[in-house]
Amino acid sequence: MRRTILTCACALVATGIVVSAAGGVTTQDVSFQGKYNKRDRHKARAGLSLRTTFSITDPGAPAPLQLDRTTLRFPKGSVVNGRYFPQCKLTAIQAKGPRGCPKGSRIGGGTARGAAPPIVDSVAAKVTLFNGVPVGHDSTLIIYSLPDLGPVITLSGVLKSNRSGRYGYVLDVNVPPIKTLPSAPDASVTFFDATVNNLSVRRGHRRINYIDAPVLCNGTYFLLDGAFTYRGGIVNPVLERFTLNGGPRCP
């Protein structure tokens, strides 16, 4: 029975979850890829880089639904140590861009794409990730997106720790309307691919990783749930595949 459930779940991850809406069917694929620091791969815990990728498609419509919010849940065991790293203030990056952030607060980056047909078929964006100012004991993540067309988009989300529930952290990020040209509709997000780098800082004799995780066998993965909310209040639950690479080869 367990094998059957896992097989069905993997099939859902591979094909995406479908949301019916007026004008088309939106499909999304989400995956996480964690990679251990090589020097720590045989230890009990190691530094970890984390790549998050998702695509949103709707072949039957000019563009997919417009994204309003993403909720991503991460497995227990890992610890985010953002409070030990240089921190960027959201107001500073909104006013001055990345130069308003202190050195060392940049923690990763990647790319994104959107579409606003019929005026704009596709627009690419460079994504930069920053360690934000903690909220209480919780780290924050700032997503700075510089598109080829349209205004800069700055997003912020709190990595809320959850010791009593099923997940270690929950990240909620609100997505504002994405503008391109005055005559074009708001853009729909079609692709996002960004990596939080494997980073560490020294505190006395300690080396502290930004993401510190238990070392598991190479290729270990978890099936988790999350939710994407679209314009109009449509909520699309998704399965996320979280795969860990770079650990020891286990029999």
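Visitor: Why does serine 188 count as buried?
Guide: Its relative accessibility is 2%. Buried means under 20% relative accessible area, exposed means over 50%, and partly exposed is in between (1.4 Å probe, protein chains only). So 2% puts serine 188 among the buried residues.

Visitor: What are these values based on?
Guide: This is a predicted model, with residues numbered from 1 along each chain as its sequence is written. Local features need pLDDT of at least 70, side-chain atom pairs count only at pLDDT 80 or more, totals for chains, interfaces and linings use all residues, and side-chain values use heavy atoms, leaving out hydrogens and water.

Visitor: Where is serine 188, and what is it in contact with?
Guide: Serine 188 is in strand 11, residues 188–196; strands are DSSP runs of E with at least two residues, helices runs of H or I with at least four, numbered from the N terminus. Contact means heavy atoms within 4.5 Å. Leaving aside neighbours within four places in sequence, the contacts of serine 188 include Ala63, Pro64, Arg113 and Gly114.

Visitor: What makes phenylalanine 32 and phenylalanine 242 an aromatic pair, and of which kind?
Guide: Rings of Phe, Tyr and Trp (its six-membered ring) pair if their centres lie within 6.5 Å; planes under 30 degrees apart count as stacked, over 60 as edge-to-face and the rest as tilted. Here the centres are 5.7 Å apart and the planes at 70°, so the pair is edge-to-face. Phenylalanine 32 lies in strand 2 and phenylalanine 242 in strand 16, so the pair ties together parts 210 residues apart in sequence.

Visitor: How do you know whether phenylalanine 242 is buried or exposed?
Guide: Phenylalanine 242 has 4% relative accessibility, so it counts as buried. Phenylalanine 32, at 0%, is buried too.

Visitor: And why is phenylalanine 222 called partly exposed?
Guide: Its value is 29%, so phenylalanine 222 falls in the in-between range.

Visitor: What makes arginine 113 a residue that lies over the face of phenylalanine 191?
Guide: A charge sits over a ring if NZ of Lys or CZ of Arg is within 6 Å of the ring centre and within 35 degrees of the ring normal. Arginine 113 is at 4.4 Å from the ring centre of phenylalanine 191. For arginine 206 over tyrosine 84, the distance is 5.9 Å.

Visitor: How do you know that strand 12 and strand 13 pair?
Guide: Two strands pair if DSSP finds at least two bridges between them. Four bridges join strand 12 to strand 13, so they pair, and they run antiparallel.
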